[in-house]
Amino acid sequence: MFALYSAVRRRIKLSLRRPPPASPATILRRGCHSHSNCGPREFAVSHESLLLRLQSGPVLAEVRKSHAALLVHGYRRSTVLAAQLVRAYARLGDVGLGHALRVFDGMPIRNSFAWNAVIKGLVDVGRFSEALERYWDMVSDGTVAADRFTYPPVLKACAALGAVEEGRRVRENIETEIAHGNVVPNVFVQCALVDMFAKCGSLGEARSVFESMAVRDLAAWTAMIGGTVHGGDWFEVMDLFNRMRSEGFCPDSVIFATVVPACGRVKELRTGMALQGCAVKCGVGNDICVCNALVDMYCKCASLDMAASLFWSIDYKDVVSWSTIIAGHSLNGMYRSSVNLFTEMLSSGVKPNSTTLATILPSLSELKLFRHGKEINCFSVRNGLSDSEFLVSALIDFYSKQGLIGEAEILFEFTPQKDLVIWNSMVGGYAVNEDSDSALHALRSMQKVGLRPDHVTVVSVLPLCNQHSRLLQGKELHAYAIRHSISSVCSVSNALIDMYCKCGCLEIASKIFLMMTERNTVTYNTLISSLGKHGHDDQAFALFDLMKREGIFPDKVTFVALLSCCSHAGLIDKGLHFYNSMLQDYKISPDKEHYSCIVDLYSRSGKLDDAWSFIANLQEVPEIDVLGCLLSACREHNRMDIAELAAERIFEQNPSDPGYHILLSNIYASAGMWSNVTRIRTMIEERSLKKRTGNSLI
């Protein structure tokens with residue numbers, strides 16, 4: 001018993017003489033050497049185990065534990081482990097990138113793995129300028145050469161910033177490294193080059209890199225086709241697609257999802273349908289991305305029945321599916337259906353994103369559902385979607401079109417980061433509300449903050465210069481468009497033609513038309529309408545013939561312009577020829593504007609019986625504007641019989657409109673039928689009809 005007591009006493013004394021355990025900070029200062037005892041053997045962390053933990057650590061807490069272990073166990077001077085630590089932090093995105101940069105900056109020696117991890121981490125979180133700065137620091141440092149893992153994220157940053165000049169310098173570095181034998185041509189780097197040049201609009205350089213590739217894989221074809229789609233060269237897109245198939249490549253879902261929407265933009269419905277069949281043959285017909293692209297294509301080609309049929313056949317509709325069909329109905333003027341689909345989406349449990357909210361706003365605007373638009377705004381704030389620049393732009397458009405320019409200005413002012421799209425929306429909002437001074441002031445303010453107005457800005461402001469008093473500003477915008485190489489953009493040329501025509505400068509408008517390399521239906525409609533209004537009917541008809549020769553299909557607006565031209569020139573037979581051609585050759589269903597033009601065509605020539613016969617034979621009930629056109633002609637030609645028939649139809653449809661009652665009363669007065677004048681005036685008094693008082697700026 002005594003021996004046991006003595007042993008216990010000795011054990012206690014020994015433990016009292018043992019030095020206290022070192023803190024992590026003490027170990028960090030002292031380091032841990034191979035001959036020192038850093039704790040019990042079972043708790044030692046090997047280099048290999050730390051490496052494995054860093055390679056698999058997906059959570060910040062785990063990476064920080066590994067970081068602490070690296071410091072505690074003396075591995076902080078290991079370049080390999082430090083580089084892996086940088087990568088582990090960088091993979092966490094915004095949460096870990098700050099830690100990654102601090103570790104990287106503290107590394108005495110940096111290998112290519114660490115440089116690549118930092119550059120890629122910055123690109124992944126959208127800090128493209130900083131990524132490029134780090135790359136050039138790497139080049140300046142000179143101790144480590146860039147490799148095949150360095151260039152793809154660097155080129156991605158160039159593409160995102162539109163920095164084509166920096167991209168060319170990077171390409172020069174790549175070619176220099178290849179010439180010196182430091183690196184070999186790599187398909188991933190070449191694909192990144194193709195993608196960068198294409199997205200920066202340098203399709204020639206993209207094609208040059210693409211054609212120089214010894215081996216082209218599916219990713220290379222995807223990059224080239226995607227870049228060409230981005231550049232808007234439809235024929236080149238289909239040429240590349242067919243070449244790819246002829247070389248034995250089977251398109252995947254990404255390529256179909258890239259090419260199919262391009263069919264919608266150029267209204268190539270038959271090609272889009274052929275691509276759908278091709279997708280089915282390639283086994284990706286049911287892929288959700290392909291289905292969404294097909295729905296988008298059918299909507300843009302105005303084939304809503306096919307779009308809806310395909311949409312409802314999708315088993316698992318995601319938020320993109322719903323957003324696409326909602327936007328498609330809004331695009332085709334089916335605003336009520338668009339709102340109903342949005343409601344059904346919410347009922348199905350799919351949560352809308354910022355794109356969905358932006359696509360429903362135009363329908364709410366057209367339906368004058370202001371309160372619902374405000375609710376969308378509030379929903380976006382509650383759900384953290386209000387930072388979306390696309391949604392902010394759509395909200396500014398919504399408020400502006402409702403005449404609530406004050407709310408649009410508040411939203412604009414409280415947006416911390418205003419890009420060009422948001423500025424364009426604000427400028428366009430002023431333009432919609434015909435506030436030319438504010439629009440031009442916003443245009444100047446945009447330039448002061450370093451943003452360059454683009455073709456969208458110019459197209460928004462030009463309609464404000466459609467008067468002689470603003471012609472000088474219009475010419476200044478024209479000069480700006482020429483200096484910045486955007487005057488050749490079709491929409492800009494169309495807006496310039498419209499501005500000059502409305503200011504009476506038809507010669508300048510015609511010169512712009514002749515210099516255009518690309519013309520569309522709007523181009524011809526604008527000039528045909530203006531020539532007709534100024535009495536140049538022969539030139540208008542010649543322009544229509546040129547339009548047909550160039551293969552541009554006329555639309556409803558084209559025929560309104562032609563019929564109006566014939567009406568002003570008194571060309572009845574020519575007008576009827578155009579009307580019949582519209583129905584039979586182009587299968588265009590007439591609207592009230594076309595009916596009014598035909599009635600006006602007959603009326604100006606005094607053929608009121610033919611005008612009434614035309615109205616009476618319409619399969620649908622003629623709108624009041626059509627009947628009103630005939631009623632006005634009856635006063636000029638003193639045709640009381642037809643005037644009473646037209647007035648009877650008008651009063652049936654809208655008995656509370658005072659304007660047509662007064663017009664009929666004046667017709668009776670011109671004919672000296674005073675008893676009928678008294679009857680109509682009494683009717684106006686009994687129904688308390690009051691004509692709105694006109695306003696004058698004088």
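Helices (H or I, at least four residues) and strands (E, at least two) are DSSP runs, numbered from the N terminus. The place of T521 is in helix α31. This is a predicted model, in which local features need pLDDT of at least 70, side-chain atom pairs count only at pLDDT 80 or more, and totals for chains, interfaces and linings use all residues. Residues are numbered from 1 along each chain as its sequence is written, and side-chain values use heavy atoms, with hydrogens and water left out.

**Packing of α31 and α33**
- Helix α31 (residues 521–533) and helix α33 (residues 556–569) have axes that come within 9 Å and cross at roughly 15 degrees; axes are lines fitted to C-alpha atoms, for helices over the stretch in contact, and angles run from 0 to 180 degrees between N-to-C directions.
- The angle makes α31 roughly parallel to α33, a term for angles under 35 degrees.
- Contact (heavy atoms within 4.5 Å) is made by T521, N525, I528, S529 and G532 of α31 and by V557, T558, A561, L562 and C565 of α33.

**Surroundings of T521**
- The T521 side chain reaches the backbone oxygen of F553 at 3.3 Å.
- Apart from neighbours within four places in sequence, T521 is in contact with M547, I552, F553, P554, D555 and T558.

- Residues 520–554 are 74% helix and 0% strand, with end C-alpha atoms 9 Å apart.
- Residues 419–453 are 74% helix and 0% strand, and their end C-alpha atoms lie 11 Å apart.

How values were computed
Angles under 35 degrees count as roughly parallel, over 145 as roughly antiparallel, 65 to 115 as roughly perpendicular and the rest as oblique. A polar contact is a pair of N or O atoms within 3.5 Å; within protein, one must be able to donate a hydrogen and the other to accept it, and residues adjacent in sequence count only if both atoms are side-chain atoms.
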